[in-house]
Amino acid sequence: MTAKPTGLLGHRYELKELIGSGGMASVYRATDDRLGRDVAIKVFTTVAIEQDDIQRQQAEINVLASLSHHSLVTLFDVGVHKAASDRRQIFLVMELVDGIDLRDRLLEGVLSVRNIAQVGYDLAEGLEYIHGRGIVHRDIKPANILLAQYSSRFRARAKLTDFGIALSPASTRLTSEGMTTGTAAYLSPEQARGEEVGPASDIYSLGLVLLECFTREVAFDGQPVQAALARLLRDPVIPASVSPAWRDLLSTMLARDPADRPDIGEVVLALRQAVITETGRHRGDEQVPLSTDEAERMAAVARLDILDTPPDGTFDRITALAARIFDVPIAIVSIVDHDRIWFKSHTGLDLEQIARDPGLCSSAIMQDGPWVIEDARTDARALTNPLVAGGFGLQFYAGVPLRTKDGFNLGTLCVLDFEPRAVTDAELATLEDLAALVMNELELRLEHRRQQGRPGAASTSAD
């Protein structure tokens, strides 16, 4: 275990209790005396570091410290502590997060396919963000994935941590000639060959992590060198019990040739669809009958506290996806108030609200399932609607209610077109899955607000 430094690190950080330790570093809870907040500090093994080495690292340190994404554990600061006259300790200052890492979670028991999809989607979004900024993580493994737990009832959020490989000479995990940074069991083939790595390397490592979520076994186990070289000789085994869609995704992510792997954008889309599919299946099992009590429905709207919230990127991505899937110009997440319909997310429409009476969403929330008007010019339900008869020219509408767990329709996820069109059962099922994803997000945020202010434990990788 790394010896605990004495005194204030960087003249501001006071180390407290040990959170975790590994061969290369130890992680402590600490207090930032300057800002008065608790943080997690990872202190690497004492090594000899030349001043020129520190300066060469500064540019990358600045990039890493600028990262801000919900799927990343934020790096606040990096410093060097003088442990002796000729020895230094690099330390990383990170946000302190409530949760355990994925390695420990897999030791506890099986993850559902739904949870695997959610973890994978969170991580893929984080990788898409850092890859877009020219950063390759290079050490994706369960111990570097923190599951931030809001409540036992709702899913944890996966957050990727430990961006420090390039920052520290002590971070090399393999010592054999020609090996490179990373952890042997999760190296990509190009890492195992000691070649330069790019974003495709992270995709391979993420594929190994997702496979391990299904099997709870390390695909390339054993001594470091043997484990690293094994992937050059064979592909990991994907069990027959894994569904065809997952098998296809994992097999492409785990291709030995980096050029054969999907890019991170494709992985994000595939995992998002997996979340939608699994969430829709899960919510379908839980669905309760529709309640038509308007006063109680409005109480449910107030309880979720969504009418006065700012624009939301998560819902914007869902409406954009719905518009692409249906090939329509407009998609909306609406919330029906007592006299207004509020557009909480909208693609292809520059409106924030309309009156409730002419809005088709006010009719859709009275339904127990999708409400579809394929040709508003001939549908008696819409002929007199001003959105159809007036200058707006609406001719197609399909809306799925956003239903709470206790049976209240808050609003809709709907798609609109200025031309009549038919809609298939498969398309409606996809729209229902997307609506379920919206509700899952709203309920998760409600539970998070309930938990705010609760003292949090901490966990982050020390390996």
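This note sets out numbered remarks on the fold, the sheets, the helices and some single residues of the structure above.

1. Basis of the model. The structure is a predicted model, in which local features need pLDDT of at least 70 and side-chain atom pairs count only at pLDDT 80 or more, while totals for chains, interfaces and linings use all residues. Residues are numbered from 1 along each chain as its sequence is written, and side-chain values use heavy atoms, with hydrogens and water left out.

2. The chain as a whole. The secondary structure comes to 13 helices and 14 strands; helices (H or I, at least four residues) and strands (E, at least two) are DSSP runs, numbered from the N terminus. Of the 463 residues in the chain, 53% are buried. Here buried means under 20% relative accessible area, exposed means over 50%, and partly exposed lies in between, with a 1.4 Å probe and protein chains only. The accessible surface of the chain is about 20,200 Å², and carbon and sulfur atoms hold 50% of that area; such areas come from the Shrake-Rupley method with a 1.4 Å probe, and for residues only the protein chains shown count as cover. Among contacts with a separation of 6 or more, 65% join residues 24 or more positions apart, a contact being heavy atoms within 4.5 Å.

3. An open sheet is formed by 6 strands in the order 11-10-9-14-13-12, with antiparallel pairing. Strand 11 (353–355) and strand 12 (371–373) stand at its edges with a single partner strand each, so one side of each has no neighbour in the sheet. On average, neighbouring strands of this sheet are turned by 25° against each other, direction ignored. Two strands are taken to pair if DSSP finds at least two bridges between them. Strand 10 (residues 340–347) and strand 11 are joined over 3 bridges in the antiparallel sense, and I354 in strand 11 is the bridge partner of I341.

4. Helices on this sheet. Helix 10 (residues 313–326) packs on the sheet and touches strand 9, strand 10 and strand 14, its direction making about 75° with that of strand 10. Helix 9 (residues 294–304) lies across strand 9 (330–336) and strand 14 (409–417), at about 85° to strand 14. For these angles, axes are lines fitted to C-alpha atoms, for helices over the stretch in contact, and angles run from 0 to 180 degrees between N-to-C directions.

5. Strand 6 and strand 7 (residues 145–148) pair over 3 bridges, and D101 stands opposite L146 in strand 7.

6. Helix 3. D122 is found in helix 3 and is buried, with a relative accessible area of 0%. D122 and A158 are 36 residues apart in sequence, yet their C-alpha atoms are 5.7 Å apart in space.

7. Helix 5. Helix 5 (residues 199–215) has 17 residues and reaches 25 Å from its first C-alpha to its last, close to the expected 24 Å. The helix is mostly covered, with 14 of its 17 residues buried.

8. Backbone angles to inspect. Most residues other than glycine have a negative phi. R138, which is not a glycine, has a positive phi of about 75°; R138 is found in the loop between helix 3 and strand 7 and is partly exposed at 24% relative accessibility. D327, also not a glycine, has a positive phi of about 55°. D327 is found in the loop between helix 10 and strand 9 and counts as exposed, at 66% relative accessibility.

9. An annotated residue. The UniProt annotation "binding site", from an unreviewed entry, covers K42. UniProt positions are given in the numbering used here, feature names are shortened, and annotations may be inferred rather than shown by experiment. In the model, K42 lies in strand 3 (residues 37–44) and is buried, with a relative accessible area of 1%.

Conventions. Expected span 1.5 Å × (residues − 1).
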